[in-house]
Amino acid sequence: MARYSLMVNGKARTVEADADTPLLYVLRDNLALNGPKFGCGLAQCGACTVHVDGQATRSCVLPVSTLQGRKVTTLEGLGSSAKPHPVQQAFIDEQAVQCGYCTNGMVMAAAALLATNKAPSEAQIVDALAGNLCRCGTHQRIVRAVQRAAKQTA
Amino acid sequence: MQTNRREFLKASGALVVAFSFSGTAAGAALRAPKSVAKDAVDSFLVIGRDGRITVFTGKVDLGTGTRTALAQMAADELDVAFERIDMVMGDTATTPDQWLTGANLTIFQGGSELRRAAASAREALVAKGAERLGVPAAELAVEDGVIRVKTNPSRFVSYQDLIGKDGFQLKVNPKVALKKHTDYRVVGRSIPRVDIPGKVSGEWPYVHDVRLPGMLHARVVRPDELGARVASVDDAAARKISGFVQTVRKDNFVAVVARNEWAAVKAARALKIGWTPGTGLPEQSQVFEQWRKRPTAKVEANQKAGDAPAALAGAARRVKASYQFSTQTHASLGPSCAVADFKDGKLTLWSASQATHSMQDELAAITRLPRESIRLVYLEGAGCYGRNGHEDATADAALIATLIGKPVRVQWSRADETARAPKSPPRAIDFEAGLDAQDNVTAWSGDFYIALNHIAAFKPLDFPLLAATETGLPKPGNWVGFLFQNAPQPYAVPNILVNTHHISETIFRSSHLRSPGRIENSFANESFADELAAAVKMDAAEFRLKYLSDPRAAAVIRAAMKLSGWQSRPSGTQRASGSIAKGRGISYTRYNGTITYVAAVADVEVNRDTGEVRVTRICMGHDCGQMINPDGVANQVEGGVLQTVSRTLMEEVKWDRTKVTSIDWASYPILRFPDVPRVDIELIDRPGEPSWGVGEPSAVVIPAAIGNAVFDAIGARVRTVPFTPERVKEALKAADSART
């Protein structure tokens, strides 16, 4: 076990963990952040996506030891049900959720896309989400939600 | 309805918070046990002193939106605003057992039971109000839980003022008058789902998020080879992992327990288990031939009219075809998880099971505890679409917690969920039809080879949970669902014989996967109907309309045709010149033959060189009776369509001679965003008609619609799901050699 200092959702946090502990386990088990989800542990599905220095990143394979001094943002850091981020609000407006287990990854990937591309085409949205899996078949609504968020933030 | 769970829990009366609700114990608060008898109003409804109404239902929301829809139904029957209602689902200590959540029954059966309880409650409240106000009930009106004298609205009494701490003490009146559909105010509106704001912000409690004081983390270690047993366990390396607590073994059940989850993962990897060789698996390439020859428990005539053998013998022309549907898996996005707490002889489980009530019996058998000391509290998991690994993970947690006497969280791995959760059984179907000289269908004969639904009188041990069989419990039952459903076909043919052959033993531990039976049977029926239409050179939609007399069936078919801009012509008669061939196909089913009507038109592009099928558009006609929440219906229909496009094109569990080799998303791929077709839906509302389920019917029509579109595109028929490029190329080759 070692101590690691991380910036999570704008706050300095110190955690005790083994160096090889993936960030996802630190966020969920040490910091009780439930937004990022465990889907595969293989970086195949995107359910665990967080932002590291603004980039959408798979937290399930990223060792905590590589994150000293880097900025981590989770779904909770984006907004809350009381004060949602525009992407979160767009998912609510489009009712773009079924079981919601993939939602974290979809929202985080979409927010990272819109941070660099204010007016993405449908093809660019599809491309940005191509690595995120949804099992319930909510894809069409998710794309519409990202388009809505883009319009509202433009 | 409130979505903030702290307020949600605060708002309703009888609440016991077992420990500090600090946010680290999301969803883990326990309510005080209460009446759960299914015939008692108090089992379904509690009116708080603050006027809030808590609905208790044994049905659970599996991510489909029924939490919202059932609240809408209760709000109207009670005459209260939607916002006043809180929902508790699937807690065995506070909700009535309304049978498992599945079979497309939550709204139709669960909702109807809730409606009768709510209407009985309203009737009793109005009677009490009449007494209190001293006027006949007929002179009272109710609005948002306030009973007023119609002629003098300043005289009123509220529901909460009429209900004391003892509740209703009233039986549900099975014949109570329900509200007329013309009086609905909440039902029929697309009220936004109450769970979505929490789900987009990380606030909604999933079973994975439960954290109890002193909770440990466990992983169960299971063999790759099916049927392998434990010969030896060496945990020397696991013991060196920091955070390791102990190894747990009971017979062939082995788990590691650690203080944090990552340590449990590492300890599971470090554990050295010597396994005996497995019991072996059949050669996958021969699976359907073998499946048809397996021993059968019974053969049933599921549909019989006239004399099909005689009519076939006398037919001017006969058409034969056989179909197959591969073994698939639920492949939930999140591997299953459960948390168990065993204290003072009482076992509490936080579980995402679709069958929390019946699991009390199964867990009693596994833990040897009395049923009454076992409580399951439902919390959502990842979508399950039937029986995935939720129940197994729950049993794992129960067993470990009772063995170690400490609270424990069990998280399955990706491989556990993809490879070890139960599978849909394979399906093979053989048909023969007879046509007369005028091209009318005069005979229809079908043989459906389906897995036996072996029910051990429902309890206990309906289903061979891993933790049960690994610890030596017998396997009296194997609940796979109503696989015979929709083997009967809907068309008016004078001579029909449809037999179901019930195969005694499946290859894998089998369970129901979205639209079990209906999806495979309708794929076969609707593909074969299409073959008959092609044989008589008739338009496929026209052919169906010719043999259907139910106007609601015709309406969904016409709706899908209209949305898609259906081109009327015999299918498979176009010849594309380039590599890409386009086609359209249609399919129709009435779910179970008795409820929701649904039709689909698929547009596809087939690459004749590579065999790849691309679905470009699906158009749906859908009639589930009166809709409770139209956008909720649309969400489910879209989901059913897209998940089934995935199943139809790419999903097939793979195995070698000893083990399942589909273990992750690379070896069991599903649909991704770039493959998603446009989906257009016409929802036909039927005010005043019964409200039927919508979770499953849309899935049922998709495989045949796609297969029929592929036939239209390339003139070759793919008769095995999934339609992999190899199978498409084989079909093309077979069609080419038949032509030459």
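Trainee: Let's start with a side chain: is Arg144(A) buried, partly exposed or exposed?

Mentor: Keep in mind that we're looking at a predicted model. Arg144(A) has a relative accessible area of 32%, so the class is partly exposed.

Trainee: Over in the strands of chain A, what is the N to O distance in the salt bridge of Glu16(A) and Arg3(A)?

Mentor: Glu16(A) belongs to strand S2 (residues 11-17) and Arg3(A) to strand S1 (residues 2-8), 13 residues apart. Glu16(A) counts as partly exposed at 43% relative accessibility, while Arg3(A) counts as exposed at 58%. Their side chains meet at 3.6 Å.

Trainee: How many disulfides does the structure hold?

Mentor: A disulfide needs two cysteine sulfur atoms within 2.5 Å. For Cys102(A), the nearest cysteine sulfur is that of Cys134(A), 4.1 Å away, and Cys102(A) is in no disulfide. Cys136(A) is in none either, with the sulfur of Cys99(A) as its nearest at 3.8 Å. Over all chains, the number is zero.

Trainee: Are Cys102(A) and Cys136(A) buried or exposed?

Mentor: The cut-off for buried is under 20% relative accessible area. Cys102(A) has 9% and Cys136(A) has 5%. Therefore both cysteines are buried.

Trainee: On to the interface: what area is buried between chain A and chain B?

Mentor: The contact takes 53 residues from chain A and 66 from chain B. Carbon and sulfur atoms give 54% of the buried area. The total is about 4,900 Å².

Trainee: How many salt bridges are there between chain A and chain B?

Mentor: One salt bridge across the two chains is that of Glu651(B) with Arg135(A), whose closest N and O atoms are 2.6 Å apart. There are also 35 residue pairs in polar contact across the interface. For salt bridges between these chains, the count is six.

Trainee: Which element gives the largest share of the side of chain A that touches chain B?

Mentor: Several helices give two or more residues to that side, including H4 (103-116), H5 (122-129) and H6 (139-153) of chain A. The largest share is six residues, and it comes from H6(A).

Trainee: Which residue's side chain makes a polar contact with that of Thr589(B)?

Mentor: Thr589(B) lies in strand S23 (residues 580-590) of chain B and counts as buried, at 4% relative accessibility. Among the residues it touches are Asn486(B), Glu526(B) and Tyr597(B). The polar contact is 3.4 Å, and the partner is Ser522(B).

Trainee: And which residue gives the backbone oxygen that lies 2.7 Å from a polar atom of the side chain of Ser326(B)?

Mentor: Ser326(B) is in the loop between strand S15 (317-325) and strand S16 (337-343), and it counts as buried at 2% relative accessibility. Its contacts include Phe288(B), Glu652(B) and Arg727(B). The backbone oxygen belongs to Val721(B).

Trainee: Last one: which residue caps the N-terminal end of H8(B)?

Mentor: Helix H8 (residues 261-270) of chain B is mostly covered, with nine of its ten residues buried. Trp262(B) is one of those buried residues. A side-chain oxygen of the capping residue lies 3.2 Å from the backbone nitrogen of Trp262(B), and that residue is Asn260(B).

Note on methods. Residues numbered from 1 in each chain as written. Chains lettered and ligands numbered in written order. Predicted model: local features only at pLDDT ≥ 70, side-chain atom pairs only at ≥ 80, totals over all residues. Heavy atoms only, no water. Buried < 20%, exposed > 50% of the residue type's maximum accessible area, 1.4 Å probe, protein only. Helix = DSSP H or I, 4+ residues; strand = E, 2+ residues; numbered from the N terminus. Polar contact = N/O pair within 3.5 Å; in protein donor to acceptor, adjacent residues only side chain to side chain. Contact = heavy atoms within 4.5 Å. Buried area = accessible area lost by both parts, 1.4 Å probe. Salt bridge = Lys/Arg side-chain N within 4 Å of Asp/Glu carboxyl O. Lists of a residue's contacts leave out its neighbours within four places in sequence.
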